[in-house]
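Biologist: Before we turn to particular contacts, could you take me through how such features are read, one at a time, with the general idea first and the case in hand after it?

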Amino acid sequence: MQFHWLATSMSSVKMGDSSSRQQGWGRISAMVLQTRRRLKWASYLCSTVLALQYLMQSAEAEPVLGTSLFRQCRPVALANNKTEDCCLPEPEREPIMFKFPEVKKMLVRRPAHELANDVEYVNKYNLAYKRMKELPRDDPRSFLRQWHVHCAFCVEAFLSRYLNGTPTPYSLQLHYSWTFLPWHRMMLYYHERILGSLINDPEFTLPFWNWDNQLDAGAAQMPQMFVPYNPPNPAIENFYLYEGAIRDQNHYPPRVMTLNFKPAEDKAGIIPTPEEIRDANLCMVWNMVVNKVSAEEYLGVKYNTSADLSAAGNANASAESGGSEILHNTAHEWVGNLNNPAFPDNEDMGVFTYSGRDPLFYSHHGNVDRLWDVWQTLPDGVTVDGTRTRKEFDDVDFLETEFTFFDENKDMVRMKVKDTLSNAKLGIMYQDMSEADSLWINHKPKASKPSFRASEQTQMSSTPDDYPEVVANANNTIGSTPVCFKLHRRAPTKADLKGTQVKHIGELSEGVVMEKVKIPEMMYVRFDVYVDFPSANLDSDMDQSDYVGTFTHLPSGVASMESVTSQIPVANENLYRELNVRFTTGLALRRLGIEDYSTDITVTIVPRFRDHDANRTITFSNLKQEFL
Ligand code: C2O
């Protein structure tokens, strides 16, 4: 249509003044001028059409609006019939719209391991938390309320978002979807500004816990400034950085965080060697960041506004965390004190409900946020074509999603996802860690052992046909021992491009999706997945090419659907959350020598449940190949 308009208007325009004797350059320049005018019109038209398209999309769009939600909030239920009222206080003034700060100078967030001995910094940071913790309960800037912000949005305290002025019956949850990274970026932005304002330092920045860093000493340990100094440093005061935080003290320095954490071994005092830890950590960060080339795979899928994401177990909910969130869960678990009988309520970072009550949480999220920046800059390196650019969603539902936060002036601010997509615009940058980053960016797993395909040429012990296929829409179970399934594969077609960010088949990312994994809300769940390695088990090495990723689920407090009507929160062990779980397989399969899409493979799921969950099972409805 646009082209038609252009074509007709061009032909009806007289090309220059025919009565004049204008020839040569004069005539050409007049033509150029007119062509320019026409192009200008064309570009106006194009932008109008685009704007109209955007508006039309907006009319149908259903972004999540966290506006005015503070009036639609209930206490969240915790285990053991306890509740916590995480609802935000009413703002004193009308909520304001977010405005980008005037950036005179970029604020640089620095790594916690480098700041540990910066006496001035740690003392200042400690003082900021002291003041924050001293603020009264009704002050939205108080530490308690800062914790509550996370608690409220992550444990579904808000009944719903508004839709055309009416609250929808589905509670608000910011994890398990594309809102995960943007929301936490907003949270850090305001948390940092509040801390800075409490010590009158507009240039204050949060430290980040650089746990992916396997290069610099101490980087992947729990940062020293968050634990009592050992040996004590009389010049440094850091009491408020650990006071009241419940953590696994066996994981204090010099222990290095193990993303490949095996609780049973840990309990038995078996500590992997530094090389094992390093390799597993690099491998897992590579898998969860570099290998996730699409927005869905890294940020998580579109927020499902027409289903209940809460633990009430709506059968149609399809939520899916991205690699960023799954990777970040492991650090939560490492810090937390899960299942320590001395702390039966798990009031620690291992449970979402309580996470914000530990100052280390904000530093941990600093690194999660930093990795998002790094992810944006990574070359493809994963798809067959290798030419895909990593970019966020351009869906209106994503960009217009809105949440509310309290700022340093106690104003409630409405901020949208589109405001979060560039740290630079927020005036924030991270210290360059590219040397350490390059270790996982360029990490290559070891060749797999034993090689399943290699044995095909010699005596084949088994083939994918020896394993059952998952029965769709049935309860396929995972218990405490590994299970192996045959997966039927096919080549991608043009139809697979629909709804993706790419136009070429060779830029699609091949993956395996477990659908509707039904997870008990209060259960810590972890499983590792291997392709073409049927005998993978608890002892299998993560750092080998047939490992395709890990899934982790952190427990949280529970708000059941009953409470939507009754307003009485019910903690219930039998509530579930349903998630789809995706593993990216394309490059792993090519590394295993499986170039052909028609080759069927095996998928082995290795559960790593906690001791006391040994008899539990979780179910999923399907296992299938999918392209993104
Ligand atoms: Cu909202 Cu690290 O969690």
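Modeller: Let us begin with burial: a residue is called buried under 20% relative accessible area, exposed over 50% and partly exposed in between, with a 1.4 Å probe and protein chains only. This is a predicted model, in which local features need pLDDT of at least 70 and side-chain atom pairs count only at pLDDT 80 or more, whereas totals for chains, interfaces and linings use all residues. Residues are numbered from 1 along each chain as its sequence is written, and side-chain values use heavy atoms, with hydrogens and water left out. By the burial rule, Asp 369 and Arg 185 are both buried, and buried residues make up 57% of the 628 residues in the chain.

Biologist: What do the side chains of Asp 369 and Arg 185 meet in?

Modeller: They meet in a salt bridge, with an N to O distance of 2.6 Å; the term stands for a side-chain nitrogen of Lys or Arg within 4 Å of a carboxyl oxygen of Asp or Glu. Asp 369 belongs to helix 12 (residues 360-377) and Arg 185 to helix 6 (residues 180-198), so that the pair links distant parts of the chain, 184 residues apart. Helices here are DSSP runs of H or I with at least four residues, strands are runs of E with at least two, and both are numbered from the N terminus; the chain comes to 17 helices and 18 strands.

Biologist: How many salt bridges does this rule give, and which residues are linked with Asp 369 in a network?

Modeller: The count comes to 39 salt bridges, and the network links Arg 109, Arg 185, Glu 192, Asp 369 and Asp 373. Another salt bridge joins Arg 370 and Asp 437, whose closest N and O atoms are 3.0 Å apart. This pair also links distant parts of the chain, with Arg 370 in helix 12 and Asp 437 in helix 14 (residues 434-441), 67 residues apart. Arg 370 is buried at a relative accessible area of 3%, and Asp 437 counts as buried at 5%.

Biologist: How should I read the sides of a helix, and which residues of helix 4 are buried?

Modeller: An α-helix has 3.6 residues a turn, so residues three or four places apart point the same way. In helix 4 the buried residues are Tyr 121, Val 122, Tyr 125, Asn 126, Ala 128, Tyr 129 and Met 132. They cover an arc of only 155 degrees around the axis, which puts them on the same side of helix 4, the arc being that of the directions from the helix axis to the C-beta atoms. The face turned away from this buried side carries the exposed residues Glu 120 and Glu 134. The buried residues pack against helix 3 (112-115), helix 5 (143-154), helix 6 and helix 12, where contact means heavy atoms within 4.5 Å.

Biologist: Where is Phe 204 placed, and which residues does Phe 204 touch?

Modeller: Phe 204 is in the loop between helix 6 and helix 7 (263-267), and is buried, with a relative accessible area of 3%. Leaving aside residues up to four places away in sequence, Phe 204 touches several residues, among them Tyr 121, Tyr 125 and Glu 192. Phe 204 and Tyr 125 are 79 residues apart in sequence, yet 8.4 Å apart in space, C-alpha to C-alpha.

Biologist: How many aromatic pairs does a search of the whole structure find?

Modeller: The search finds 30, where rings of Phe, Tyr and Trp (its six-membered ring) pair if their centres lie within 6.5 Å, and planes under 30 degrees apart count as stacked, over 60 as edge-to-face and the rest as tilted. Trp 147 and Tyr 354 form a stacked pair, 6.0 Å centre to centre with 20 degrees between the planes.
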